[in-house]
Amino acid sequence: FNIEFTVETIEKGYKEAAAASREHHGLPNEARDKYSGVDLQKQDELLEEIKVSFANGKYNTCLELIESAMFTRPYHTILRAVFHECHYLKYKNREEDYPNAFQRLRIRKMMTISHTIWDEEEVKRNKNQSPHGVLHNFFKTNPDPTKTEQLALSSETQLPYSIVANWFASKKLRSKAGLKASNCV
């Protein structure tokens, strides 16, 4: 499962953000106070530098540019995507393979998103919507799913079947070990 993330993806995101930015700058001043110090011309130059650096495979430069200045809110979504993709591609260069869904989740958890592209006003994802939450909720009702059920869960969570199967096997062992430990006391 690898979403093709290219310079065209960045350009499309920039165009969408530019349209939203025009609407954003039409808002009353109190809604723009946080970004009153953003130099829009410098922002445009940085956005172009980020795109060129990404195209040339200079992922550390992309990350440094993202950290270097504040960006207006409409650009946060695409810049977060670039931020994560740079980390994924750095992993790929190190490990010679693009990270799977589980590895991408680990990378996202390890990397703190820059305050320049995240204003912390987004609603965090509910645990029940995460792949782990889906598996955990299913385990509560059926700790021993069939292969068909595991394949359905694999599709729903977008995790490889082997990860789903291993997760259930490990969870069963941990829960049995916890029961044995509590009975020994």
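Guide: Glu45 lies in helix α3, which covers residues 40-55, a helix being a DSSP run of H or I with at least four residues, numbered from the N terminus. This is a predicted model, in which local features need pLDDT of at least 70, side-chain atom pairs count only at pLDDT 80 or more, and totals for chains, interfaces and linings use all residues. Residues are numbered from 1 along each chain as its sequence is written, and side-chain values use heavy atoms, with hydrogens and water left out.

Visitor: Why is Glu45 called partly exposed?

Guide: Its relative accessibility is 44%, and because buried means under 20% relative accessible area and exposed over 50%, with partly exposed in between (1.4 Å probe, protein chains only), Glu45 counts as partly exposed.

Visitor: Which residues is Ser53 in contact with, leaving aside its neighbours within four places in sequence?

Guide: With contact meaning heavy atoms within 4.5 Å, Ser53 is in contact with Lys58, Thr61, Cys62 and Leu65.

Visitor: How do you know how much of the protein chain is buried?

Guide: By the cut-off already given, buried residues make up 36% of the 185 residues in the protein chain.

Visitor: What makes up the secondary structure of the protein chain?

Guide: The secondary structure comes to 9 helices and 0 strands, a strand being a DSSP run of E with at least two residues.
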